[in-house]
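Subject: Structure for your files

Hello,

Here is the structure I said I would pass on. Please look it over first; my notes follow below.

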Amino acid sequence: MIASAILAYVFHNASAFPKKPQSVEAIKGWRNRAAYATVTTPLFAVVLDLLIRSTGVDIAGCVDIVPFI
């Protein structure tokens, strides 16, 4: 989430430098995808949390499901 926010900021600033309209649109496309990821990542985490809790396993117990060696 932090990386996508940084990428959105970088691509937002980088879109001002190219002179070709196609390059500007390509950079703006990357910027929009990074911004979309910044917004949807926490929402996806909340949905996953709700799905895990609906099975009766709390988040602290979820760590025990995955074997760490």
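Where does Ser15 lie? Ser15 sits in the loop between α1 and α2. Keep in mind throughout that this is a predicted model.

Ser15 has a relative accessible area of 11%, and residues under 20% count as buried, so Ser15 is buried. Setting aside neighbours within four places in sequence, Ser15 is in contact with Val24, Ile27 and Lys28.

Overall picture

The protein chain has three helices and zero strands, and along the sequence the pattern reads α-α-α. Of the 69 residues in the protein chain, 10% are buried, Ser15 being one of the buried residues. The protein chain exposes about 5600 Å², and 73% of that area is supplied by carbon and sulfur atoms.

The α1 and α2 pair

Helix α1 covers residues 2–14 and helix α2 covers residues 21–54. How far apart are the axes of α1 and α2, and at what angle do these helices pack? The axes are 8 Å apart and the angle is about 155°. Angles over 145 degrees count as roughly antiparallel, so α1 is roughly antiparallel to α2. The crossing of α1 past α2 is left-handed.

On the α1 side, the contact is made by Ser4, Ala5, Leu7, Ala8, Phe11, His12 and Ala14. On the α2 side, the contact is made by Ile27, Trp30, Arg31, Ala34, Ala35, Ala37 and Thr38. By type, the residues of this contact divide into 10 nonpolar, three polar and one charged.

Ile2 is found in helix α1. Is Ile2 buried or exposed? The relative accessibility of Ile2 is 63%, and the cut-off for exposed is over 50%, so Ile2 counts as exposed. The C-alpha atom of Ile2 is separated by 7.3 Å from that of Thr38, although these two residues are 36 residues apart along the chain.

Regards

Technical notes. Residues numbered from 1 in each chain as written. Predicted model: local features only at pLDDT ≥ 70, side-chain atom pairs only at ≥ 80, totals over all residues. Heavy atoms only, no water. Axes fitted to C-alpha atoms, helices over the stretch in contact; angles between N-to-C directions. Helix = DSSP H or I, 4+ residues; strand = E, 2+ residues; numbered from the N terminus. Parallel < 35°, antiparallel > 145°, perpendicular 65-115°, else oblique. Left-handed = near helix turned anticlockwise from the far one by under 90°. Contact = heavy atoms within 4.5 Å. Nonpolar A, V, L, I, M, F, W, Y, C, P; charged D, E, K, R; others polar. Buried < 20%, exposed > 50% of the residue type's maximum accessible area, 1.4 Å probe, protein only. Areas by Shrake-Rupley, 256 points an atom, 1.4 Å probe, with all protein chains shown as cover.
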